[in-house]
Amino acid sequence: MKKDLTLRNGQEVTIRSLVHKDLEIIMGLQEKVIASLEVTSFLQPLSEEEFLVIINGNGSMIGAFHNDRLIAFRAMLEPEIDEHHLGKDAGLLDSELPSVLYSEVTNVDPEYRGNSLQRILGELLMENVDKDRHRYVFATVAPFNIASLKDKFSLGMHIISLEKKYGNLLRYTLMKDLRENKRLSTLSVLADMADILKQQSLLKDGWIGVGLEEVDGTWVVKFQKSE
């Protein structure tokens, strides 16, 4: 993949697939992003080995370059099928698990934030998924990671669970069916993002999280049911 585009700040960037020789600059950008975060638990960094798994054919990874400098990257992973597979959170059949991709780590250079690079890279990855091979895309996001939640909702993903992952970290699990758009009822319910038990109760009753709203300075999650 190779694509040239102009950012909202007027800078020209080139987006292309990342390969093995890019590993050093990938790790460098990830370290820079981690150092800039106020809440480091929002980001689940990948190791060199994990990046290599994606680059070597178990997924796809693209990067945005400005003047030959890597300023953002985003990855999708074809995960191993094990007891922690996110497809099981959605009740997928074992036969469906090979059709799952994970929307993995996204890193944007702090100097280039505000240019919708995360969304642009996400849309390009979604557009280029081989839908004959893969049907579902999953992701996990920490509560109150507003930017990442907005990103996932903009890509058409929805919340299906809110449980502890990666040891003891609370995470939303989101998913998107690439072959079928969900039809939602007009009825909706709002839940304070801090009210974990209410959100978990709604999810167990068949509601799904479809968006965010800010009400009097408080972030709330909008839930609807599929028809």
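Before anything else, a word on naming: helices (H or I, at least four residues) and strands (E, at least two) are DSSP runs, numbered from the N terminus. This is a predicted model, so local features need pLDDT of at least 70 and side-chain atom pairs count only at pLDDT 80 or more, while totals for chains, interfaces and linings use all residues. Residues are numbered from 1 along each chain as its sequence is written, and side-chain values use heavy atoms, with hydrogens and water left out.

Let's begin with His158, which sits in strand β7, residues 158-165. Buried or exposed? His158 counts as buried, because its relative accessibility is 9%, and the cut-offs are under 20% relative accessible area for buried, over 50% for exposed and partly exposed in between, with a 1.4 Å probe and protein chains only. Which residues is His158 in contact with, leaving aside neighbours within four places in sequence? Contact here means heavy atoms within 4.5 Å, and the partners are Phe153, Thr173, Leu174, Met175, Lys182, Ile208 and Gly209.

The buried residues of α4 are Ile146, Ser148, Leu149, Asp151, Lys152 and Phe153. I'd like to look at two of them. Ser148 lies in α4, which runs over residues 146-154, and Ser148 is buried at a relative accessible area of 11%. If you skip the neighbours within four places in sequence, Ser148 is in contact with Gln118 and Val141.

Leu149 is also a residue of α4, and its relative accessible area is 0%, so Leu149 is buried. Not counting residues up to four places away in sequence, Leu149 touches Val141, Ala142, Phe144, Tyr172, Leu174, Met193 and Leu212. Asn128, on the other hand, is 21 residues from Leu149 along the chain, and their C-alpha atoms are 22 Å apart. After α4 comes Gly156, with a positive phi near 85°.

Speaking of positive phi, here are a couple of residues that aren't glycine. Phe144 has a phi of about 75°, and you'll find Phe144 in the loop between β6 (136-141) and α4. Phe144 is partly exposed, at 38% relative accessible area. Then there's Tyr166, again not a glycine, with a positive phi of about 50°. Tyr166 belongs to the loop between β7 and β8 (169-177) and is partly exposed, at 44%.

How many aromatic pairs does a search of the whole structure find? The search finds one. That pair is Phe51 with Phe73, edge-to-face, at 5.7 Å centre to centre and 85° between the planes. For the record, rings of Phe, Tyr and Trp (its six-membered ring) pair if their centres lie within 6.5 Å, and planes under 30 degrees apart count as stacked, over 60 as edge-to-face and the rest as tilted. The pair links distant parts of the chain, since Phe51 is in α2 (residues 48-55) and Phe73 is in strand β4 (residues 69-77), 22 residues apart. Phe51 is buried at 0% relative accessible area, and Phe73 is buried at 0% too.

What are the buried residues of α2? They are Phe51, Ile54 and Ile55. These residues cover an arc of only 95° around the axis, so they lie on the same side of α2; the arc is that of the directions from the helix axis to the C-beta atoms. The buried residues of α2 pack against α1 (23-36), β3 (59-66), β4 and β5 (100-108). Following α2 is Gly57, whose phi is positive, near 120°.

Last stop, the loop between α3 (117-127) and β6, where we find Arg133. Arg133 counts as partly exposed, at 49% relative accessibility. Arg133 and Pro98 are 35 residues apart in sequence, yet 8.3 Å apart in space, C-alpha to C-alpha. With neighbours within four places left aside, Arg133 is in contact with Glu78, Pro98 and Ser99. That's my tour, so over to you.
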